Amino acid sequence: ESLIKAADLALYHAKALGRDRYEKFQPGLREVAERRSELLLEIEDGLRLDAFELHYQPIVPVAADRLLSLEALMRWRHPTRGLLSPGAFQEGFADPAIRAALGMFMLERVFKDMVGFADACVPIGRVAINLTNSDFRSETFVNRFFSLVEETGIAPERFCIEVTEGMLLGSHHKRVEEGLRRFHDAGVAVALDDFGTGYASLSHLRQLPLDRLKVDRSFVANMVDSSEDRAIVRGIVDIAHSLGKLVTAEGVETVEQVDLLLQMNCDHLQGWYFGKACPPKALPKVIESMPPLRS
């Protein structure tokens with residue numbers, strides 16, 4: 001039994017390194033597997049004990065007549081490690097069941113928070129939520145979205161779903177495409193996140209129901225000093241606009257970046273320059289203290 005488990009760990013490691021190879025078992029692999037197993041149990045406990053919550057970061061429209069949007073970002077109040085962002089428990093997302101459970105939590109909580117925003121008269125447009133392949137493995141997630149629309153009275157047009165390029169290339173890409181079309185046809189905006197860093201073909205911009213492109217922060221970070229990054233961002237904006245799509249720049253942290261993106265006619269800006277992600281109750285204060293888009 002121990003031999004089979006060791007071989008299985010070596011096989012899993014070989015697959016993680018790209019397949020078409022072999023790996024010998026090392027004791028460290030068992031330690032990694034045990035830590036991952038402990039993490040999955042902790043996440044399950046966290047979901048059961050309501051230790052997860054959503055924080056929201058402003059997405060600022062360039063056009064003065066458009067409402068501020070938000071992106072919902074998951075946080076975990078760990079009993080010993082404090083408030084954690086998804087990067088601190090990224091290994092948990094490798095498990096399809098955990099990924100699906102976290103996705104359903106986000107869906108339920110974002111509707112609850114949006115009801116709270118409406119009651120508090122917080123002026124927001126759409127709220128963006130990040131999806132994974134697991135949210136499209138069956139129709140459960142999509143069906144629950146529309147049942148929550150009916151229960152709360154919050155229209156689909158108040159939402160944006162964000163997907164990554166990798167989701168369009170996996171074994172379940174057909175099911176993902178079907179789900180995206182169902183969302184899009186109902187009025188939900190569909191955004192392609194981290195654009196330019198994955199392996200998606202430009203043909204996806206023509207074939208899929210995409211409404212927005214999000215320029216990855218890695219291009220925005222160096223665009224002030226790098227002519228190459230400026231050219232890439234400008235090219236993304238031009239291509240998107242020529243196809244009738246909007247563009248959001250992520251990772252905006254300086255006024256110099258804001259000025260360049262305004263010159264390029266970027267549609268939405270998001271980043272620490274305007275405000276970090278915060279709990280729902282702190283959102284009105286963050287919105288009030290945001291710097292003006294133009295001086």
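This report describes confidence, salt bridges, backbone angles and surface patches in a predicted model.

## Confidence of the model

The mean pLDDT of the protein is 91, and 98% of the residues score at least 70. Among the elements of the protein, strand S9, residues 268-269, has the highest mean pLDDT, at 97. The lowest mean belongs to helix H6, at 80. Where pLDDT is low, predicted coordinates should not be read in detail.

## Salt bridges between parts of the chain

The structure holds ten salt bridges. One of them joins Arg-109 to Asp-50, with the closest N and O atoms 2.8 Å apart. Arg-109 lies in helix H3 (residues 96-119) and Asp-50 in the loop between H2 and S1, so this pair ties together parts that are 59 residues apart in sequence.

Another salt bridge is formed by Glu-53 and Arg-77, whose closest N and O atoms are 2.7 Å apart. Because Glu-53 lies in strand S1 and Arg-77 in strand S2 (residues 69-78), the pair ties together parts that are 24 residues apart in sequence. Glu-53 is buried because its relative accessible area, 17%, is below the cut-off of 20%. Arg-77 has 43% relative accessibility and counts as partly exposed.

## A buried pair and its network

Lys-214 and Glu-250 meet through their side chains in a salt bridge, at 3.4 Å from N to O. The pair links distant parts of the chain, 36 residues apart: Lys-214 is in strand S7, and Glu-250 is in the loop between strand S8 (246-249) and H9. Salt bridges that share partners join Glu-71, Glu-162, Lys-214 and Glu-250 into one network.

Strand S7, residues 212-215, also contains Leu-213. Leu-213 has 0% relative accessibility and therefore counts as buried. Its C-alpha is 5.0 Å from that of Leu-192, although Leu-213 and Leu-192 are 21 residues apart in sequence.

## Positive phi angles

Most residues other than glycine have a negative phi. Asp-50 has a positive value, near 60°. Asp-50 sits in the loop between H2 and strand S1 (52-61).

Asn-265 is not a glycine either, and its phi is positive, at about 65°. Asn-265 is found in the loop between helix H9 (255-263) and S9. With a relative accessible area of 53%, Asn-265 is exposed.

## Surface patches

Which residues form a nonpolar patch on the surface? They are Leu-202, Ile-239 and Leu-243, and together they have about 270 Å² of accessible area. Leu-202 is placed in the loop between strand S6 (189-195) and helix H6 (203-207). Leu-202 counts as exposed because its relative accessibility, 55%, is over the cut-off of 50%.

A negative surface patch is made up of Glu-31, Glu-34, Glu-38 and Glu-42. One of these residues, Glu-38, is located in helix H2 (residues 27-48).

Methods: Residues are numbered from 1 along each chain as its sequence is written. Side-chain values use heavy atoms; hydrogens and water are left out. Patches are made of residues with over 30% relative accessible area and no salt bridge: like charges are joined within 9 Å, nonpolar side chains (Val, Leu, Ile, Met, Phe, Trp, Tyr) within 5 Å. Accessible areas come from the Shrake-Rupley method with a 1.4 Å probe; for residues, only the protein chains shown count as cover. A salt bridge is a side-chain nitrogen of Lys or Arg within 4 Å of a carboxyl oxygen of Asp or Glu. Helices (H or I, at least four residues) and strands (E, at least two) are DSSP runs, numbered from the N terminus. Buried means under 20% relative accessible area, exposed over 50%, partly exposed in between (1.4 Å probe, protein chains only). Lys and Arg count as positive and Asp and Glu as negative; His and the chain ends are not counted. The place of a charge is taken as NZ of Lys, CZ of Arg, CG of Asp or CD of Glu. pLDDT is the predictor's confidence in each residue, from 0 to 100.
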